[in-house]
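Me: I have a protein structure on my screen. Please show me how to read its features, one at a time.

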Amino acid sequence: MSHAPRLPAAIWALGFVSLLMDISSEMIHSLLPVFMVTVLGTSMWAVGLIEGAAEATALIAKVFSGVLSDYWGKRKPLAVLGYGLGAASKPLFALASTTGLVLAARLIDRVGKGIRGAPRDALVADLAPPGMRGAAFGLRQSLDTVGAFVGPLIAMGLMLLWANDFRAIFWVAMVPGFMAVALLLFGVQEPQRARLPNETPRVNPISQANLHRLSAAYWRVVAIGAVFTLARFSEAFLVLRALQGGLPVAYTPLVLIGMNIVYALGAYPFGKLSDAVSHRALLAWGLGVLIAADAVLASGSSLAWVSAGILLWGLHMAMTQGLLATMVAEVAPADLRGTAFGFFNLMSGLAMLLASTVAGVLWDQLGAPATFAAGALFSLAALALLWRWRGAHRIPK
């Protein structure tokens, strides 16, 4: 009697590594904007700059770590380094008495995220049995999403229990972070050979000749993605809008919990839908939902309005997260997909830095409605690009 193949224990271990690190990170990130504004007296401009620089750093680091793991032929050491940096950054948040130290901690944390992302995903692919790669990635993403719920829930419970003691909660966040590193070190054995089994010498993927093979259709997708990222500034501003609307400090993690619930519930159905419908049409609908979210958040600061805006924000994430990546894969040569994603992430990272900085400046100078109105305008610009290039050769369906 034959048994269905099972995912290796190492795949489960990598999933729980993601879960533990996400709990650690989200315990801090769900409280950090409020901590910076209410405890450290940070300006909205500085919040935007820190959030933008942090997320941009993670995206840019992915360009280099994926290429390095391919050349080196080893994934786990880079993954351990990335998770180790993430864990090591956590005490700095608890010790921070200035905005500068928060910035340093965020950058270290996001460098770690950027370093570990591509090698970890490559390691999942290396470990997955034939025909089970989708299941392997689905399991890892599923456990990662659990961490995105559990972290803010723990943070909220401890805020209520410990009378809004931010620093004590940041210290507790160290524990799951270092548990993640230990599990990766001792619970995951890298396959003997991570490279593909052909011995053809590898060529420089960013040579001039290879870059010329990236088509105009690819660069159009990069441009659309960059403008789209301009419309998606850091979720820190959602947390602060909820605080402005009267949400008690201890309950601010509910913002990310609510957004992630909608995102998690919708991501798989919309992912399946994207296999059957036009990618351009689905991205356009997603941009429409983002415009609606921005309009709601700009229109009012009551908790009812802010809650509606946050749920719409989560819906747009479910509709569009990963969709542009699929479009990149469809227009990039198979042997240059790593490089193609690298440049796509680089441009998205720079756009995220600009978007969050502009959002913070607008909030400081003109108020919260101006920030969300600007997001809606950038979404309209992305829609205009989609319309302008609707007939371009080989733009993905």
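Reply: Start with a charge over a ring. The term applies if NZ of Lys or CZ of Arg is within 6 Å of the ring centre and within 35 degrees of the ring normal. Keep in mind that this model is predicted.

Me: Which ring does the charged end of Arg116 sit over?

Reply: The ring of Tyr83. The charged end of Arg116 is 4.6 Å from the centre of that ring.

Me: How do I describe two rings together?

Reply: A pair of aromatic rings is described by the distance of the centres and the angle of the planes. The whole structure holds six aromatic pairs. One of them joins Phe35 and Phe170, with centres 5.2 Å apart and planes at 80 degrees. That makes the pair edge-to-face, because planes over 60 degrees apart count as such.

Me: What does the pair of Phe35 and Phe170 tie together?

Reply: Parts that are 135 residues apart in sequence, because Phe35 lies in helix α2 and Phe170 in helix α7.

Me: Are Phe35 and Phe170 buried or exposed?

Reply: Phe35 is buried, at 1% relative accessible area. Phe170 is buried too, at 0%. Ring pairs also link Phe35 and Phe170 with Phe93 and Phe166 in a cluster.

Me: How do I read a helix?

Reply: An α-helix has 3.6 residues a turn, so residues three or four places apart point the same way. Now look at helix α13, residues 303–320. Its 18 residues reach 26 Å from first C-alpha to last, close to the 26 Å expected.

Me: Which residues of α13 are buried?

Reply: Among them are Val306, Gly309, Ile310 and Trp313.

Conventions. Residues numbered from 1 in each chain as written. Predicted model: local features only at pLDDT ≥ 70, side-chain atom pairs only at ≥ 80, totals over all residues. Heavy atoms only, no water. Phe/Tyr/Trp six-rings, centres within 6.5 Å; stacked < 30°, edge-to-face > 60°. Helix = DSSP H or I, 4+ residues; strand = E, 2+ residues; numbered from the N terminus. Buried < 20%, exposed > 50% of the residue type's maximum accessible area, 1.4 Å probe, protein only. Expected span 1.5 Å × (residues − 1).
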